[in-house]
Amino acid sequence: MAYLSSSGNTSRVAEAIHAALPGSSMMAMADVGPLDGYDLIFAGFPVIAEGAPRRAKRFLRRAQGRRVALFLTHGMPASMSEFDSAVPNCRRAAAGCELLGEFECQGRMVPWMPKLLRLYPRGHVRCWARIDGEAHGAGHPGEGNLARAHAFAIEVCGRLTVA
Ligand SMILES: Cc1cc2nc3c(=O)[nH]c(=O)nc-3n(C[C@H](O)[C@H](O)[C@H](O)COP(=O)(O)O)c2cc1C
């Protein structure tokens, strides 16, 4: 389990997945050494600029040829049409990996985030941050999201056992 998280949302999901998988190890992406010997890698990161952040892309390149399951958190509600490209873009960052599944949920925006996003070069991300600000994602990831993440982890591992 390798995760990237600056405001804590993705790490909360990582903990839920980790708790579902006895014997798994959980590490910040930057601390992950050679990937040999791992049967399955859960890679988690926030959506940044409608896709995977650079550090996650680098990590996923290292994971090419391996079994990977993605878990993502994002600020926009998934129902917003502007969010449509985010998951496919993240999936594309895992090209070359054997992708076993992906999980996404909204994460709360901490106060510095809308301030930063208002300066953002991409028009609709900037508009979203300006219009909805801190209200977006309040309470997420909540218990429901974490329960879904837990079930996702078990489901992905179950698929591995059946295969
Ligand atoms: C620079 C920056 C860009 C972001 N871009 C997007 C975006 O394009 N779409 C989106 O839904 N959320 C975006 N977000 C919000 C984060 O994906 C969201 O808050 C996430 O849950 C943060 O995860 P973390 O707490 O694990 O760092 C952005 C956040 C930052 C700081």
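A word on what you are looking at. This is a predicted model, in which local features need pLDDT of at least 70 and side-chain atom pairs count only at pLDDT 80 or more, while totals for chains, interfaces and linings use all residues. Residues are numbered from 1 along each chain as its sequence is written.

Stepping back, the protein has six helices and five strands (DSSP runs numbered from the N terminus, with H or I of at least four residues for helices and E of at least two for strands). Along the sequence they follow the pattern β-α-β-β-α-β-α-β-α-α-α. Of the 163 residues, 37% count as buried, that is, with 20 or more other C-beta atoms, placed from the backbone, within 10 Å of their own.

Now return to strand 3. Six of its six residues are buried, so strand 3 is largely enclosed by the rest of the structure. In a regular strand the side chains alternate between the two faces of the sheet. Here both faces are covered, with I41, A43 and F45 buried on one side and F42, G44 and P46 on the other.

What lies around such buried residues? The largest nonpolar core has 36 residues, of which I17, A43, A56 and L60 touch the most other members. Such a core is a set of buried Ala, Val, Leu, Ile, Met, Phe, Trp, Tyr and Cys residues joined through C-beta atoms within 7 Å. Among the elements giving two or more residues to this core are strand 3, helix 2 and helix 6. Leaving aside neighbours within four places in sequence, L60 is in contact (C-beta atoms, placed from the backbone, within 7 Å) with A43, A52, A93, A94 and C97.

Helix 3 has A86, C90 and A93 as its buried residues. They lie on the same side of helix 3 because they cover an arc of only 50° around the axis, taken from the directions from the helix axis to the C-beta atoms. Their cover includes helix 2 and strand 4.

Finally, 24 residues surround the ligand, and the closest are S5, T10, P46, G75 and G107 (C-beta atom, placed from the backbone, within 6 Å). Helix 1, strand 4 and helix 4 each supply at least two residues of this shell.

Technical notes. A residue is buried if 20 or more other C-beta atoms lie within 10 Å of its own, exposed if 12 or fewer, and partly exposed in between; C-beta atoms are placed from the backbone. Two residues are in contact if their C-beta atoms, placed from the backbone, lie within 7 Å.
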